[in-house]
Amino acid sequence: TSLFQSAPSAPLDPIMRLFEAFHQETRPDKINLVVGVYTDAQGRVPVLRAVQEAERAWIDQARPKQYRPIEGTAGFRSGVQRLLFGENTAVLQAKRAATLQSVGGTGALKIGADVLKQLLPDAIVAVSDPSWENHRALFEAAGFTVRSYPYYDATRQDVRADAMLDALRGLPRGSIVVLHACCHNPTGNDLDPAQWRAVVDACVQGGLVPFVDMAYQGFGDGLEEDALAARLFAEAGVDFLVASSFSKSFSLYGERIGALTLVSSDPGTIGRAEALAKRLVRTNYSNPPTHGAAIVEAVLQTPALYDAWTEELAGMRHRIHDMRTRLVQALDAQDLGRGFSAITRQKGMFSYSGLTPTQAEALRARHGIYALDTGRICVAALNPGNLPRVVDAIADVVR
Ligand code: PLP
């Protein structure tokens with residue numbers, strides 16, 4: 001018998017399972033509201049102008065694709081730090097932050113988890129209930145015990161900030177708390193600034209280690225606004241980590257480009273933190289890929305490209321918001337016996353629509369429209385062309 005006979009079989013996570021089912025779906029008018037991919041008004045994954053120009057410049061210069069430094073290039077790293085913390089802010093001046101290029105936001109979470117496992121081998125990791133499916137799996141795979149903290153109230157369709165704070169206060173010192181910086185996945189419900197301040201306070205008081213997952217910077221309220229959590233932790237002077245993803249904000253999903261930023265309370269230790277992360281990268285995949293990072297670096301470091309990018313990013317953000325408004329208006333006009341206005345208060349790509357598992361199943365079976373059983377839909381996949389069909393289908397399964 002083969003060695004691999006005993007490989008444990010486990011199902012793919014629900015997102016990947018439905019993603020595969022969608023690709024096997026034969027109805028030509030199928031609609032994918034499962035995966036977190038932004039499409040434009042014509043239903044296409046956009047190639048951003050700034051990205052195209054940066055790629056063209058790279059090719060025109062015929063630049064070779066040498067091995068990169070383990071941590072990525074200086075221009076990439078400083079660009080990411082500016083995006084996170086702002087120009088020349090105290091945390092950067094004090095040299096308390098170290099940034100490493102990563103393989104998407106997921107790679108940043110994984111290297112960060114491995115760093116933490118070396119430093120806090122017995123720590124509990126707390127993730128929001130609910131959270132992105134991969135959070136629990138990733139931290140468990142890194143060897144941690146993962147718990148959840150209350151986050152979402154399905155009845156009020158809002159954040160349970162008080163319950164969350166109570167749970168954080170109950171965690172042992174040295175626990176790791178995974179926080180969604182903005183555009184909470186899957187609910188779309190974010191903490192407001194006052195609630196963030198209370199969460200930062202609870203982490204500081206409780207000696208917790210925050211790990212801020214920032215997969216959607218620029219998709220919530222804006223690049224600066226969406227960085228609030230990272231900036232508050234930086235001001236608080238604590239040790240924390242940030243996982244940045246540029247998959248969505250640059251529409252560079254398949255380039256697998258992100259960054260891990262380690263922030264130390266003591267500038268004297270940041271070099272040790274970076275060296276540990278570099279050793280972990282070295283034994284995982286040696287060094288990171290070139291193309292996506294070269295594009296992101298060029299955009300972040302070239303003022304004209306940066307301006308073009310922020311404009312396009314704002315365009316994506318506004319389009320999603322517009323689709324939320326239109327979705328809610330159209331659903332409310334159907335008199336379904338329940339309101340959908342919570343969807344307009346949510347931010348980012350996703351919405352907890354309130355659809356039940358049975359309704360989500362019916363949406364797939366009867367209409368070829370794929371949404372998660374939790375009722376999560378990707379509003380960034382809606383457009384004026386598919387919206388009427390989505391609305392009619394939702395109305396059909398809710399009635
Ligand atoms: N974290 C959250 C909350 C996400 O939603 C995602 C993407 O879906 C990621 C991390 C991973 O991003 P990437 O595709 O860059 O690995």
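Predicted model: local features only at pLDDT ≥ 70, side-chain atom pairs only at ≥ 80, totals over all residues.
1. An unreviewed UniProt entry places "domain: Aminotransferase class I/classII large" at residues 29–394. Over residues 29–394 the chain is 46% helix and 16% strand. The end C-alpha atoms of that stretch are 15 Å apart.

2. **Strand 2 and its partner.** Strand 2 and strand 10 run antiparallel, joined by 7 bridges.

3. Is strand 2 mostly covered or uncovered? It is mostly covered, with 7 of its 7 residues buried. Ala97, Thr99, Gln101 and Val103 point one way from strand 2. Ala98, Leu100 and Ser102 point the other way, and these too are buried.

4. **Strands 3 and 7.** Elsewhere in the sheet, strand 3 (residues 124–129) and strand 7 (residues 176–180) run parallel. They are joined by 2 bridges. Val125 stands opposite Ile176 in strand 7.

5. **The ligand shell.** Which residues surround the ligand? They are Gly36, Gly104, Gly105, Thr106, Trp132, His180, Asn185, Asp213, Ala215, Ser245, Ser247 and Gly258. By class, the shell has 2 nonpolar, 9 polar and 1 charged residues. Helix 5 (residues 104–119) supplies the largest share, 3 residues.

6. **Two cis peptide bonds.** Most peptide bonds are trans. Two spots here deserve a look. The bond from Asp129 to Pro130 is cis, with omega near 0°. Pro130 sits in the loop between strand 3 and helix 6 (133–141). A cis peptide bond also joins Asn185 and Pro186, with omega about 20°. Pro186 lies in the loop between strand 7 and helix 8 (193–206). Asn185 is also one of the residues around the ligand.

7. **Positive phi at Ala62.** Most residues other than glycine have a negative phi. Ala62 is not a glycine, yet its phi is positive, about 50°. Ala62 is found in the loop between helix 2 (49–60) and helix 3 (74–85). Is Ala62 buried or exposed? Ala62 counts as exposed, because it has 6 C-beta neighbours inside 10 Å and the cut-off for exposed is 12 or fewer.

8. **Positive phi at Ser286.** Ser286 has a positive phi of about 70°, again without being a glycine. Ser286 is in the loop between helix 11 and helix 12 (291–301). Ser286 is exposed, with 10 other C-beta atoms within 10 Å.

Technical notes
Residues numbered from 1 in each chain as written. Near = placed C-beta within 6 Å. Helix = DSSP H or I, 4+ residues; strand = E, 2+ residues; numbered from the N terminus. Nonpolar A, V, L, I, M, F, W, Y, C, P; charged D, E, K, R; others polar. UniProt positions renumbered as here; feature names shortened; annotations may be inferred. Pairing = 2+ DSSP bridges. Buried ≥ 20, exposed ≤ 12 C-beta atoms within 10 Å, placed from the backbone.
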